[in-house]
Amino acid sequence: MAEPGALEVGSRHDLRARRSPNAPETAGYEGGDQAHGWVHSYETGSTVDGPGIRVTLFMSGCLLRCQYCHNPDTWHLKDGTRVELAQAIRRLGDFAPMLRAMGGGLTISGGEPLVQTAFTRGMFAAAKQLGLHTALDTSGYLGVRADEGYLANVDLVLLDIKSGDPDTYRRVTGVELEPTLRFAERLRAIGKPVWVRYVLVPGLTDDPANIEKVARFVAPMKNVEWVEVLPFHQMGAFKWKSMGLDYRLADTASAGPDLVAKALEIFRGAGCHAR
Ligand code: SF4
């Protein structure tokens, strides 16, 4: 096992694969321990991952293989730097006064934060003790791992629903849709604030019937504050190339304003607050 590394500032366009070659495989890793985790990088100053100005922590490890993933360099735990939880909390504490003043907080993203449930549980608990707003950015596939104690320290869930149609969901992600829908229903039952995110990919997730399925599922959920339509772009393409991965969307155009407007219309038509 490598010695704990420094927590580096990065960006979601970094490529820092295989930094901890001895880390366990992501599949079969069930939450880990609270003392340490594998972190890809963190960003300061984000304004899109929750309210206010935020620190966003990108965890390593994900079980999905989304065709449009912008962060394939976060798929494996070994793609991250092994970091002590105590050190990550100290670093967050350095930013806490600024984050509180700017009405922001901590967002944990990835990869998938629920792969490393123990570490992210500790980070969220510490953030709440620092008086920060907290947000969990997740696909919901491992939502069953976020128990009530975990969610008690999460103020907002950014829930990616990548398709309403199960076959398309499987084609996009490589896994089943059902766990995400069950997680969304649990969040509704406890009244947890949610922003649903829908990545709009021409030719893949732009079928109006598919968007309609998500819209109808979400519309009755009073805890869903926003549905955000995120237009697909090619900014992650270079990572797939550098990692020698088969990037199937190489010839896919970005989602333009007209397509986004049509998707928004479907969500709003169903009664969602969409933007
Ligand atoms: S869930 Fe996120 S990190 Fe995982 S493959 Fe999909 S887009 Fe990439």
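The report below takes these topics in turn.

## Basis of the model

This is a predicted model, in which local features need pLDDT of at least 70, side-chain atom pairs count only at pLDDT 80 or more, and totals for chains, interfaces and linings use all residues. Residues are numbered from 1 along each chain as its sequence is written, and side-chain values use heavy atoms, with hydrogens and water left out.

## Salt bridges

Side chains of opposite charge can pair when their charged atoms come close. The structure holds 15 salt bridges (a side-chain nitrogen of Lys or Arg within 4 Å of a carboxyl oxygen of Asp or Glu). One of them pairs Lys128 with Asp155, with the closest N and O atoms 2.7 Å apart. This pair links distant parts of the chain, 27 residues apart. Lys128 belongs to helix 2 (residues 117-129), while Asp155 is in the loop between helix 3 (148-152) and strand 6 (156-160). Helices (H or I, at least four residues) and strands (E, at least two) are DSSP runs, numbered from the N terminus. Lys128 has 30% relative accessibility and so counts as partly exposed. Asp155, at 24%, also counts as partly exposed. The scale runs from buried (under 20% relative accessible area) through partly exposed to exposed (over 50%), using a 1.4 Å probe and protein chains only.

Arg170 has two partners described here. Its salt bridge with Asp167 has closest N and O atoms 3.1 Å apart. Both residues lie in helix 4 (residues 166-173), three residues apart, about one turn of the helix. Arg170 also pairs with Glu176, at 2.8 Å between the closest N and O atoms. Arg170 is partly exposed, because its relative accessibility is 35%. Glu176 is partly exposed too, with a relative accessible area of 37%. Elsewhere, salt bridges with shared partners join Asp49, Asp137, Arg197, Glu228 and Arg275 into one network.

## The cavity

How many cavities of 30 Å³ or more does a search of the whole structure find? The search finds one. A cavity is a set of points, on a 1 Å grid over the protein atoms alone, where a 1.4 Å probe fits but cannot get out; lining residues have an atom within 4 Å of a point. The volume of the largest cavity is about 80 Å³. Grid points are joined across faces, edges and corners, and a volume is the space filled by probe spheres set on the points.

The lining consists of Leu7, Tyr42, Val55, Leu57, Ala88, Arg91, Leu92, Phe95, Leu106 and Met123. Helix 1 gives the most, with four. By class, the lining has nine nonpolar residues, no polar and one charged. Here Ala, Val, Leu, Ile, Met, Phe, Trp, Tyr, Cys and Pro count as nonpolar, Asp, Glu, Lys and Arg as charged, and the others, Gly among them, as polar.

## The pocket and the ligand

The largest pocket has a volume of about 750 Å³. A pocket is an open set of grid points with protein on both sides within 12 Å along at least five of seven lines. Its lining has 31 residues, and those nearest the centre are His70, Asn71, Asp137, Asp160 and Leu230. Strand 5 (133-138), strand 7 (194-200) and strand 8 (224-231) are the elements that give two or more residues to the lining. Strand 8 has the largest share, three residues. The lining divides into 12 nonpolar, 10 polar and nine charged residues.

The ligand sits in this largest pocket, meaning that more than half of its atoms lie within 2 Å of the pocket's grid points. Around the ligand are Cys62, Leu64, Arg65, Cys66, Cys69, Trp75, Gly111 and Lys162, counted as near if a heavy atom lies within 4 Å. This shell has five nonpolar, one polar and two charged residues.

## Local features

Gly111 lies in the loop between strand 4 (105-109) and helix 2. A cis peptide bond joins Gly110 and Gly111, with omega about 15 degrees.

Ile108 is in strand 4. Its relative accessible area is 0%, so Ile108 is buried. Ile108 and Gly164 are 56 residues apart along the chain, with 24 Å between their C-alpha atoms. Val172 is in helix 4 and is buried, because its relative accessible area is 0%. From Val172 to Asp251 the C-alpha distance is 16 Å, across 79 residues in sequence.
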